[in-house]
Amino acid sequence: MTTQSVRSRGQSIVVAPGISLKPIIEGSVGVGPVDISALDGTERARASFRLEYSPHAGRYEIASFGIDRGMLPLEVSGAFLRTVRVHSIIRRSVLRSLPLWTFPVSMLRERRRLGTLPNPVEFELNRVDSLLLTALVYRMAEIADENPVEAVAETLGLKLRTATNWIARARAAGHMTTTMEQAAVRKIAMGLIEAMGLELDVSEKEHQRFLDSLRKEE
């Protein structure tokens, strides 16, 4: 019950500030007590879902979602389903489906939140790179149906009021609407690896380990 299968399909679309997405994400993932509080200890079930990107909403919407109990001696009742952390499961799957170069942004946010950042990483409002990163963090959060202001504050190490100001600056500069800045935001995102004092070579295996770690940290 531990196999993770998440795949994206469809013709690629590019959303601001330059993130390439597939319009459909389909997944079948193992879930445990962290995602379903009705489960105990080593009990595992399986969540299957289909997500569809909505240009109007600017995020992935849940088109279908279900739980398979497998061999567990329990009923998937209404009471059981109310203990399922659907957003947590979907968030990880959306992050898994974003381009690999966006993963340092998620890593910076989680390490700063958990206090495990090797090196201090600071940003200045008057730098174009900071506003581009603000737009990237904001859109990544929107795509995964998270609070984008909180995401910007956590990732950049800002207070919520300051984050709101930075977002307004990024929007005024046009970074929230243009889809032509992929090369710039990709360079900024990958530069975070070195800024955090980590190895520059980010492998698929490292990416997967990080995404799996989100399950333990939430």
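Because the model is predicted, local features are reported only at pLDDT of at least 70 and side-chain atom pairs only at pLDDT 80 or more, while totals for chains, interfaces and linings use all residues. Residues are numbered from 1 along each chain as its sequence is written, and side-chain values use heavy atoms, with hydrogens and water left out.

## The overall fold

Let's start with the chain as a whole. The protein chain holds 8 helices and 6 strands, and along the sequence they follow the pattern β-β-β-β-β-β-α-α-α-α-α-α-α-α. Helices here are DSSP runs of H or I with at least four residues, strands are runs of E with at least two, and both are numbered from the N terminus.

Of the 218 residues, 45% count as buried. Buried means under 20% relative accessible area, exposed means over 50%, and partly exposed lies in between, using a 1.4 Å probe and protein chains only. Contact means heavy atoms within 4.5 Å. Among contacts between residues at least 6 apart in sequence, 63% join residues at least 24 apart.

Helix α6 spans residues 160-172.

| Helix pair | Angle | Axis separation |
|---|---|---|
| α5 and α6 | about 105 degrees | 9 Å |
| α4 and α6 | roughly 100 degrees | within 9 Å |

Angles under 35 degrees count as roughly parallel, over 145 as roughly antiparallel, 65 to 115 as roughly perpendicular and the rest as oblique. α5 and α6 are therefore roughly perpendicular to each other. On the α5 side, this contact uses P148, V149, E150, V152, A153 and L156, and these meet L160, A163, T164, W166 and I167 of α6. The residues of this contact divide into 9 nonpolar, 1 polar and 1 charged. In this scheme Ala, Val, Leu, Ile, Met, Phe, Trp, Tyr, Cys and Pro are nonpolar, Asp, Glu, Lys and Arg are charged, and the others, Gly among them, are polar.

α4 and α6 are likewise roughly perpendicular to each other. Here S130, L131, T134, A135 and Y138 of α4 meet W166, I167, R169, A170 and R171 of α6. The residues of the α4 contact with α6 divide into 6 nonpolar, 2 polar and 2 charged.

V152 sits in helix α5 and is buried, at 0% relative accessibility. Leaving aside neighbours within four places in sequence, V152 is in contact with T134, V137, Y138, G157, L158, A163 and I167. The C-alpha atoms of V152 and R109 are separated by 8.6 Å, although the two residues are 43 apart along the chain.

L156 also belongs to helix α5, and at 3% relative accessibility L156 counts as buried. Not counting residues up to four places away in sequence, L156 touches R112, F123, S130, L133, T134, V137 and W166. Between L156 and V121, 35 residues apart along the chain, the C-alpha separation is 7.9 Å.

A search of the whole structure finds 2 cavities of 30 Å³ or more. A cavity is a set of points on a 1 Å grid over the protein atoms alone where a 1.4 Å probe fits but cannot get out, and lining residues have an atom within 4 Å of a point. Grid points are joined across faces, edges and corners, and a volume is the space filled by probe spheres set on the points.

The largest cavity holds about 110 Å³ of space. Its lining consists of R91, L95, V105, S106, R109, V137, M140, A141, E146, A151 and T155, which divide into 6 nonpolar, 2 polar and 3 charged. At least two lining residues come from each of α2 (86-97), α3 (103-114), α4 (128-143) and α5 (148-156).

V15 lies in strand β2 (residues 13-15) and is buried, with a relative accessible area of 8%. Beyond four places in sequence, V15 touches L21, Y53, R139, I143 and T179.

Most residues other than glycine have a negative phi, and most peptide bonds are trans. The peptide bond from A16 to P17 is cis, with omega near -5 degrees, and P17 lies in the loop between β2 and β3 (19-21). D145, in the loop between α4 and α5, has a positive phi near 60 degrees. D145 is partly exposed, with a relative accessible area of 39%.

Technical notes:
1 Å grid on protein atoms, 1.4 Å probe; cavity = no way out; pocket = protein on both sides within 12 Å on 5 of 7 lines; lining within 4 Å. Axes fitted to C-alpha atoms, helices over the stretch in contact; angles between N-to-C directions.
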